[in-house]
Each structure stands twice: as C-alpha cells, then as structure tokens.
Amino acid sequence: YMMKDGDELIVLADDNDSYSPQAPLDVRPGAALFLPERRRHRELILFCGWRRDIRDVILHLDRQVEPGTGLHIMCNLPIASRE
C-alpha cells in the first residue's frame, strides 16, 4: 500500500524527534495468511506514563476495544498537574 493524500499515519514514539519518514522498503508481496476470526473479549489494559494528548489516545482506544474493557494508568505525575 502506498500512502495517498489524506491518509494518516499514527506513530507511537518516545517523543517527536525519535522518528522520521523514510523511503519505502522493497517488500515483495506473498500469499495472504488466513487468520480465523477471533472472538473479541474484554481486556484489562495498563498504561505506564503520561502524555499531553492522553485523552486522544484513550478515545481512540475506546473505539477499538470491547465494552467492559478496563484501563489503568500508572504515572508519577501529580493529578493536579495532569490536564
């Protein structure tokens, strides 16, 4: 797949300086793997650390997981300092 105008790429990184776009790799397509549909289930997810855009991350995550999934956040940033 080649990215097109309007496509978005989500990058999970330590900071904005730890990644950069690169030239595409030469990948030769092969036969697609058959993966049987898995039954989704509730999960318990642990986030370690804090990001200034954590609300956006949580909203995106909420659209991906099953209802009833739990999220715990562990960080040393005082609650009063979290926006």
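Which residues form a nonpolar patch on the surface? Good morning. Before I answer, a word on the model: this structure is predicted, local features need pLDDT of at least 70, side-chain atom pairs count only at pLDDT 80 or more, and totals for chains, interfaces and linings use all residues. Residues are numbered from 1 along each chain as its sequence is written, and side-chain values use heavy atoms, with hydrogens and water left out.

The patch consists of Tyr1, Met3, Leu9, Val11 and Tyr19, which together have about 580 Å² of accessible area (Shrake-Rupley method, 1.4 Å probe, with only the protein chains shown counting as cover for residues). Patch residues have over 30% relative accessible area and no salt bridge; like charges are joined within 9 Å, and nonpolar side chains (Val, Leu, Ile, Met, Phe, Trp, Tyr) within 5 Å. Leu9 lies in the segment before strand E1 (44-48); strands are DSSP runs of at least two residues (E), numbered from the N terminus. Leu9 counts as exposed because its relative accessibility is 61% (exposed is over 50%, buried under 20%, partly exposed in between).

I turn to salt bridges, in which a side-chain nitrogen of Lys or Arg is within 4 Å of a carboxyl oxygen of Asp or Glu. The whole structure has 2. In one, Asp26 pairs with Arg28, with the closest N and O atoms 3.3 Å apart; both residues are exposed. In another, Arg51 pairs with Asp53 at 2.8 Å between the closest N and O atoms.

Finally, Glu43 is also in the segment before E1. Excluding residues up to four places away in sequence, Glu43 touches Val65, Thr69 and Gly70 (contact means heavy atoms within 4.5 Å).

Conventions:
Helices (H or I, at least four residues) and strands (E, at least two) are DSSP runs, numbered from the N terminus. Buried means under 20% relative accessible area, exposed over 50%, partly exposed in between (1.4 Å probe, protein chains only).
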